[in-house]
Amino acid sequence: MLGLMQNWPLLQHKIIDHAAAQYGDQEVVTRSVEGPIHRTNYRQVRERALRVAQRLAKDGVKSGDRVATLAWNTWRHLEAWYGITGIGAVYHTINPRLFPEQIAWIANHAQDRLVLLDLTFVPLMEQVADKIPSVERYVILTDRAHMPATKLKNAVAYEDWIAEVDGDFKWAEFDENTAAGLCYTSGTTGDPKGVLYSHRSNVLHALQACMKDTLAVSATDSILPIVPMFHANAWSLAFSVPLAGAKFVMPGAKLDGASIYELLETEKVTFSAAVPTVWLMLMQNMQATGGKLTTLKRVAIGGSACPPSMIEYFEERGVNVHHAWGMTEMSPIGTIGAIKPAVSGLKGKELLDLKSKQGHAIFAVEMKITDDEGNRLPWDGKKFGRLKVRGPAISRRYFKREDEEILDSEGYFDTGDVATIDPNGYMQITDRAKDVIKSGGEWISSIDIENLAVGHPQVAEAAVIGVAHPKWDERPLLVVVAKEGAEPDRKTILSYMDGKIAKWWMPDDVQFVREIPHTATGKINKLKLRQEFKDYKLPSE
Ligand code: ADP
């Protein structure tokens with residue numbers, strides 16, 4: 001027997017409809033790419049998104065067609081997402097930090113029909129445009145006054161483009177399982193893989209994200225998503241913030257510490273989300289200027305492990321840190337470090353240790369850890385294994401690789417991460433499976449060592465890689481970037497770490513470098529780092 005409730009498909013545009021109906025005057029503020037602060041509200045964002053939808057329909061864009069965006073977080077980018085999906089087409093976010101050849105590869109794989117791009121990226125697109133024949137038109141996200149001279153095919157200013165229609169348009173109606181968004185994972189090994197979100201998964205994930213013990217998004221908040229819309233579905237914030245009716249603040253092209261600090265203060269931001277490297281820039285700026293955070297209450301930090309020293313920095317300033325973990329394939333939030341009743345009494349170092357873990361699974365994310373044969377491992381906080389996940393906002397296949405099975409026999413997706421889960425359900429990532437250091441038949445967690453090393457007052461960034469060793473298989477090598485003006489030596493760093501981790505986890509050596517290589521999504525590029533140190537010999541050998 002089926003239930004007798006209404007069939008109300010979970011379509012993304014219903015989020016912006018709700019925001020416009022209930023919170024129509026709520027502000028949407030952007031540091032525009034052209035420079036000045038721009039202010040609009042949800043009512044206008046919806047009206048203009050409808051124009052985008054109508055204009056795309058006029059250009060012959062159909063349900064299922066891909067429309068690429070190469071853009072910062074701005075109100076126009078937000079309108080574009082809702083407009084594109086409002087006719088059943090698919091927003092394809094391109095990460096501008098990719099190499100031009102990679103951009104051409106994914107745009108060809110996606111067969112993008114239009115590209116909507118910011119002024120910043122016109123030169124980049126001009127380099128690759130002749131390699132992407134599927135693109136019929138380039139829409140520059142600006143107005144006529146700022147339109148650059150460009151040879152991009154049929155280039156038009158966004159404001160002119162949407163002015164060509166009257167806005168008298170209705171959203172299309174379709175199945176909630178219709179594709180909505182496409183985001184390629186960085187593909188450090190092999191070709192990039194396209195993760196294809198659906199309306200249903202994006203709406204469900206927005207609801208998950210709003211929950212008090214997830215990101216606690218509320219209409220009384222002022223929210224600055226620094227995490228870009230071109231990375232991992234912007235941690236759902238392009239959906240969850242309007243869904244909850246919160247004030248939406250966007251940083252545009254300026255992600256440096258001074259610009260972020262200014263926005264946090266002038267727009268009275270209460271909650272923000274970003275990867276650790278962005279927070280590091282903010283912290284350095286505040287240290288240099290003596291800036292104080294007067295309105296910020298909470299931050300979500302994820303994408304890479306958040307070192308305990310960063311958690312302490314914010315919490316000492318009255319800002320609650322939620323360490324989060326997820327991935328593009330998970331829409332992307334998987335776990336968050338909200339406090340459960342069982343651990344609510346923890347204080348000091350114990351609380352910091354708990355908060356340094358990546359948190360517990362949110363509703364509609366099931367987790368397990370297994371050994372290499374797929375056998376489940378206990379949740380004892382000690383055994384580490386491959387982390388696998390299942391849920392309605394998690395990939396079951398990659399785009400145009402639909403014949404490739406990516407789930408195990410129980411329907412779980414292997415995240416490629418190695419983790420422990422403690423008896424209270426708190427998960428801790430120890431490594432990516434491909435970065436794990438195997439020493440004497442046991443595994444060493446590079447993340448633990450890195451977290452410890454960056455706690456040293458003279459260390460700006462640290463990375464640990466495994467180096468071949470004749471007796472132990474591999475031994476950890478610590479690679480360090482010193483803070484500006486500091487000149488730490490090997491001995492001070494090793495003695496600082498001594499006693500804080502197991503003896504056999506202690507790095508065999510420390511090497512100092514000017515810069516550690518990063519991926520397009522801001523993670524330490526261990527593949528490249530291992531290549532850079534391929535001829536290195538450990539002193540113990
Ligand atoms: P990409 O793989 O393209 O860089 P993703 O954002 O999808 O982009 O990367 C997801 C991966 O990032 C996870 O599988 C995990 O290895 C890492 N990650 C994300 N959040 C954390 C975190 N809080 N701590 C440690 N690693 C994290």
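**Figure legends: close-up views of the predicted model**

**Figure 1. Domain layout of the predicted model.** The domain assignment of the protein, which comes from an automatic or database source, gives domain 1 (13-200), domain 2 (363-432) and domain 3 (437-532). The centres of domain 1 and domain 3, taken over C-alpha atoms, are separated by 40 Å. The model is predicted: local features need pLDDT of at least 70 and side-chain atom pairs count only at pLDDT 80 or more, whereas totals for chains, interfaces and linings use all residues. Residues are numbered from 1 along each chain as its sequence is written, and side-chain values use heavy atoms, with hydrogens and water left out.

Figure 2. Helices (H or I, at least four residues) and strands (E, at least two) are DSSP runs, numbered from the N terminus.

Figure 3. A polar side-chain atom of Gln-358 lies 2.9 Å from a nitrogen atom of the ligand. Ala-305 places a backbone N or O atom 3.2 Å from a nitrogen atom of the ligand. Lys-523 has a polar side-chain atom 3.2 Å from an oxygen atom of the ligand. Of the 570 Å² of accessible area that the ligand has on its own, the protein covers 94%; accessible areas come from the Shrake-Rupley method with a 1.4 Å probe, and for residues only the protein chains shown count as cover.

**Figure 4. Helix 9 and the elements that cover it.** Helix 9 (residues 257-266) is largely enclosed by the rest of the structure, because seven of its 10 residues are buried. Buried means under 20% relative accessible area, exposed over 50%, and partly exposed in between (1.4 Å probe, protein chains only). The buried residues are Gly-257, Ser-259, Ile-260, Tyr-261, Leu-263, Leu-264 and Glu-265. Their cover includes strand 1 (27-31), strand 2 (37-41), strand 10 (222-225), strand 11 (247-250), strand 12 (271-274) and helix 10 (276-289). Lys-268, which follows helix 9, has a positive phi, near 50 degrees.

**Figure 5. Asn-41 in strand 2.** Asn-41 belongs to strand 2 and is buried, with a relative accessible area of 11%. A polar atom of the Asn-41 side chain lies 2.9 Å from the backbone nitrogen of Gln-44. Not counting residues up to four places away in sequence, Asn-41 touches Gly-24, Asp-25, Gln-26, Glu-27 and Val-28, where contact means heavy atoms within 4.5 Å.

Figure 6. His-109 is placed in helix 4 (residues 100-110) and is buried, with a relative accessible area of 18%. Leaving aside neighbours within four places in sequence, His-109 is in contact with Tyr-184, Phe-399 and Lys-400. Glu-173 is in the loop between helix 6 (158-163) and strand 8 (179-184) and is exposed, with a relative accessible area of 59%. Not counting residues up to four places away in sequence, Glu-173 touches Pro-9, Leu-11 and His-13. The C-alpha atoms of Glu-173 and Ala-206, 33 residues apart along the chain, are separated by 20 Å.

Figure 7. Ser-331 and Pro-332 are joined by a cis peptide bond, with omega about 15 degrees; Pro-332 lies in the loop between strand 14 and strand 15 (333-336). Ala-232, in the loop between strand 10 and helix 8 (237-244), has a positive phi near 50 degrees and is buried at a relative accessible area of 5%. Ala-364 lies in the loop between strand 16 (360-361) and strand 17 (366-370). The phi of Ala-364 is positive, near 75 degrees, and Ala-364 counts as buried at 19% relative accessibility.

Conventions
Polar contact = N/O pair within 3.5 Å; in protein donor to acceptor, adjacent residues only side chain to side chain.
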